[in-house]
Amino acid sequence: MWLHVDGAWGGSLLMSRKHRHKLNGIERANSVTWNPHKMMGVPLQCSAILVREKGILQGCNSMCAGYLFQPDKQYDVTYDTGDKAIQCGRHVDIFKFWLMWKAKGTVGFEQHVDRCLELSEYLFNKIKNREGYQMVMQGEPQHTNVCFWYIPPSLRNIPDGEERRERLHKVAPKIKAMMMECGTTMVGYQPQGDKVNFFRMVISNHAATKSDIDFLIEEIERLGQDL
């Protein structure tokens, strides 16, 4: 059995001493994917795959093109990744991450992660009992994704049922469209299974402030008041 961990977004918690316990056991995985361009703010694109078994990437992807990858090179080819990846020729995307790590340091990355999770917790605590908001999942978020519905005044006294669900499904897209037209904020939304469209606020910019979160809440209410 092969155990793979998709840490594209959540893998960055390993940079935080406060939050890395949420990934306890990841060291047992056979492979892990991680996208520093998501949580860490590295410019697109920057993705990594880490594997436990030495030589497996080359074994899976090698095309043994003799005109490119001569088998009799008389130097260490450990870091020659050309014949270990599907793409062969590609940008050295990880170099951007290395430069940022050199500039910010491990402590800087840790502060980045901690700050983003602090802001997501602030957002959660601001809206969990606020009139007009309903959380998609109970309990504090484990990462920076905060999922919620905004319930306009016109829907607050309608009992749960097909009509309410159909109307609520249209709320997030309408508010998002007005946000984009106004140029004020940009928040994603999505359905999930039998759950109608809800906002999925993802915080990855450590320069954001609590005032920005307050503005977001007020802007959603302003735009959705008359829906």
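Predicted model: local features only at pLDDT ≥ 70, side-chain atom pairs only at ≥ 80, totals over all residues.
Student: Which residues touch the most other members of the largest nonpolar core?

Tutor: In soluble globular proteins, nonpolar side chains tend to be buried together. Here the largest nonpolar core has 49 residues, and Met40, Ile127, Phe148, Ile175, Phe199 and Ile220 touch the most other members. Helix 3 gives the largest share, 10 residues. Domain 1 (4-103) and domain 2 (109-225) both contribute residues, so the core lies between them.

Student: What is isoleucine 220 in contact with, leaving aside its neighbours within four places in sequence?

Tutor: With that exclusion, the contacts of isoleucine 220 are Tyr133, Phe148, Tyr150, Ile175, Met179 and Phe199.

Student: How many aromatic pairs does a search of the whole structure find?

Tutor: A pair of aromatic rings is described by the distance of the centres and the angle of the planes. The search finds nine pairs. One of them, tryptophan 101 with phenylalanine 109, is edge-to-face, at 5.9 Å centre to centre and 80° between the planes. Tryptophan 101 is partly exposed at 32% relative accessibility, whereas phenylalanine 109 is buried at 0%. Phenylalanine 148 and phenylalanine 199 form a tilted pair, with 5.6 Å between centres and 35° between planes. Phenylalanine 148 is in strand 5 and phenylalanine 199 in strand 7, so this pair ties together parts 51 residues apart in sequence.

Student: Is histidine 37 buried or exposed?

Tutor: Burial means under 20% relative accessible area. Histidine 37 has 18%, so this residue counts as buried. Histidine 37 lies in helix 1 (residues 36-39), and a polar atom of its side chain is 2.9 Å from the backbone nitrogen of cysteine 46.

Methods. Residues numbered from 1 in each chain as written. Heavy atoms only, no water. Core = buried A, V, L, I, M, F, W, Y, C linked by side-chain atoms within 4.5 Å. Buried < 20%, exposed > 50% of the residue type's maximum accessible area, 1.4 Å probe, protein only. Helix = DSSP H or I, 4+ residues; strand = E, 2+ residues; numbered from the N terminus. Domains from an automatic or database assignment. Contact = heavy atoms within 4.5 Å. Polar contact = N/O pair within 3.5 Å; in protein donor to acceptor, adjacent residues only side chain to side chain. Phe/Tyr/Trp six-rings, centres within 6.5 Å; stacked < 30°, edge-to-face > 60°.
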